[in-house]
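Please read the points below with the structure open beside you.

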Amino acid sequence: MKLGNFFQITEKTAAFLTFGFVLILPVVLSFNPYYLSIFIIALILGAVSLSWNLLAGVCGQVSFGHAAFFGIGAYGSSLLVLKAGWNPFGAMIIAAFFGVMGAIIIGTPAFRLRGPYFALSILGFAEVVKLLTLNLTWLTDGSQGLFNIPALPAIRIGSMTLDFFVSRTTNYYLAAFLMLAIYLVIYFLRHSNTGLAMSAVHGDEETAAGIGVPVFRTKLLTLMVSAFCTALMGAFYAHYVHFLSPDSAFDGSWSVMPIVASLFGGMGTLIGPSIGALLITGLDEFIFKQFFETGHKLFFGILLAVVIVWTPKGLFGKSIRKK
Amino acid sequence: MGQDAESLDINQSPLLEVRELSRNFGGLQAIFEISFKVSPGQIVGLIGPNGAGKTTLFALLSGFLSPSGGEIQFLNSSIGGMRPDRICHLGMARTFQVVRPFPEMTVFENVKVAAIFGKHSKRPPSVVDQEVQEILESTGLFSKAGRLASSLSLPERKRLEVARTLATKPKLLLLDEVLAGLNPREVEEAIPLIRSLNNQMKISILMIEHNLRAIMGICDRLLVINFGQLIFDGLPTEAVENPEVIQAYLGEKEDA
Ligand SMILES: Nc1ncnc2c1ncn2[C@@H]1O[C@H](COP(=O)(O)OP(=O)(O)OP(=O)(O)O)[C@@H](O)[C@H]1O
Ligand SMILES: [Mg+2]
């Protein structure tokens, strides 16, 4: 009685359906600003989950600390704009590279060790970066946080103006575009030679090394790409909400929710984690919150546990075929 | 086959030369001052009782373990403690006693990743695919190319293990009990495959095997180790008459 027995689609079809759904969702929601804001966060989570799963689902390296990269991207971009007067779009890209630097700093020592050290040391890394952000008050204003982070500047295309300051809709579609771009990067990476190496490292590190795969380099590269994408989404988040504190930017849920979304949507697929993110947001918003106004998080947690135990490959893990 | 081991040793510089190689695990001396050579073109058998240190020796040769002492020369470079992927690039590849396919990848992908990363030389994708096809044909896995490795039977997995190492284009192949767990008919099928690797693909082979009948038939030379020490190095026919070998190897068999 699992979904995989009912329908089978390919990764590509699943991706088309997902992005098709994302495209029309605002129409379905009648452009209601409240719901749009909920799903902007869902798309950010979806994109982070895709990135997390590139590392965990494809390359087999589970991270418990992706909040580190998210927060680095968020603070990095905000500070470049607030303190150095950069254009937010340029700042977002550079902040994503800060995420890559973080990946190198933590990945270089952690990937030299075998076993669960990476998963744990990255958890510690996220904590350290958060503490640094709290304590480097001259730069980050510490626990006070950063206010008035500028929105992304309006883009003019012909007679059309895409405004990111007021319009939820443009922010929604930019988030969707970023998620699509990240998905495409991951898709093509997975289908390259490097993707084959990632898969081999996931399958069996020792054997992979024995047939010439540079295991350390493959893991580090995967982490760098994953961190880049996660930090990019962190930067987008900062310019979207205009306010950051160490607690919000490095919130543990940016580490935990991508794991949950990936488990939900299927770690063995590429698109699954973003479906998971949209689905858990939708379920939480439209079902659990409606019926259990106060305890919805609890019921939600129970549902997740049931899904994970019931179908370890995720709800769609068996429905979405690799090719 | 049939060539005198000694004459090969004299005529050619060795492919692999191991000098006083040692490795201990804490107090356990798993390998102790082992020295031997493998010349180009040879098939050398490696036998010894359970726990003698055969797999440990392979792990040392292929870079999965670092030696505690001694030297390993492969094609005139010192490779003791070198990383496994580097050693693979130099031209030595091993199979694992416990087969380890990449379960979530297809048979084709399993071999392809070895073909791409096993050698430094860059080839266009079509050439790589062609190579993979040929290896799958020669190892009898062609019809299984699209299957997930996790769905293979044990004999098929063993073939895949060999196919994958072959794709790295080794000059020296280390086979760790590839015949174990196969029924007599499957062994009969596997032996010509191993021979053809040596004859046609010009790959030298060092193979661990418990199946004595099989190894006597294939090997030019036999190494016997017991408690981490090399106790015999010579022709297979001489090994069965060597008292130390009989006591160590066959004696243990009787106890078991
Ligand atoms: N990583 C390790 N740590 C500690 N001891 C080890 C390790 N690997 C092997 N050993 C020990 O070293 C000895 C040699 O083991 P090895 O696996 O090399 O034997 P083997 O000759 O391959 O045996 P078999 O015929 O059963 O495969 C054994 O006593 C084994 O328990
Ligand atoms: Mg062994």
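1. D204(A) touches R100(B) and F102(B), leaving aside residues up to four places away in sequence; contact means heavy atoms within 4.5 Å. This is a predicted model, in which local features need pLDDT of at least 70 and side-chain atom pairs count only at pLDDT 80 or more, while totals for chains, interfaces and linings use all residues. Residues are numbered from 1 along each chain as its sequence is written, chains are lettered from A and ligands numbered from 1 in the order in which they are written, and side-chain values use heavy atoms, with hydrogens and water left out.

2. Where is D204(A) found? D204(A) sits in the loop between α9 (193–203) and α10 (205–210) of chain A. Helices (H or I, at least four residues) and strands (E, at least two) are DSSP runs, numbered from the N terminus. D204(A) has a relative accessible area of 13%, so it is buried. Buried means under 20% relative accessible area, exposed over 50%, and partly exposed in between (1.4 Å probe, protein chains only). The side chain of D204(A) also makes a polar contact with the side chain of T207(A), at 3.1 Å. A polar contact is a pair of N or O atoms within 3.5 Å; within protein, one must be able to donate a hydrogen and the other to accept it, and residues adjacent in sequence count only if both atoms are side-chain atoms.

3. Is E285(A) buried or exposed? Because its relative accessibility is 5%, E285(A) counts as buried. E285(A) belongs to helix α14 (residues 272–291) of chain A. Its side chain makes a polar contact of 2.8 Å with the side chain of Y34(A). Not counting residues up to four places away in sequence, E285(A) touches Y34(A), Y35(A), I38(A) and Q290(A).

4. Chain B has 10 helices and 10 strands. Its radius of gyration is 18 Å, close to the 18 Å that the globule rule gives for 256 residues, so chain B is as compact as a globular protein of that length. That radius is taken over C-alpha atoms, and the rule is 2.2 Å times the number of residues to the power 0.38. The C-alpha trace of chain B spans about 55 × 40 × 40 Å along its principal axes.

5. In chain B, 53% of the 256 residues count as buried. Of the contacts in chain B with a separation of 6 or more, 67% are between residues 24 or more positions apart.

6. Why can helix α4 (residues 107–117) of chain B be called largely enclosed by the rest of the structure? The reason is that 10 of its 11 residues are buried. V107(B), F108(B) and E109(B) are among them. The buried residues of α4(B) pack against α8 (168–190) and α9 of chain A, and also against α3 (84–90), α5 (125–138) and α6 (154–167) of chain B.

7. Two residues deserve a check of their backbone angles. Most residues other than glycine have a negative phi. E33(B), in strand β2 (residues 28–38) of chain B, has a positive phi near 40°. E33(B) is partly exposed, with a relative accessible area of 45%. K202(B) is not a glycine either, and its phi is positive at about 60°. K202(B) lies in the loop between α7 (184–199) and β8 (204–208) of chain B and is exposed, with a relative accessible area of 65%.
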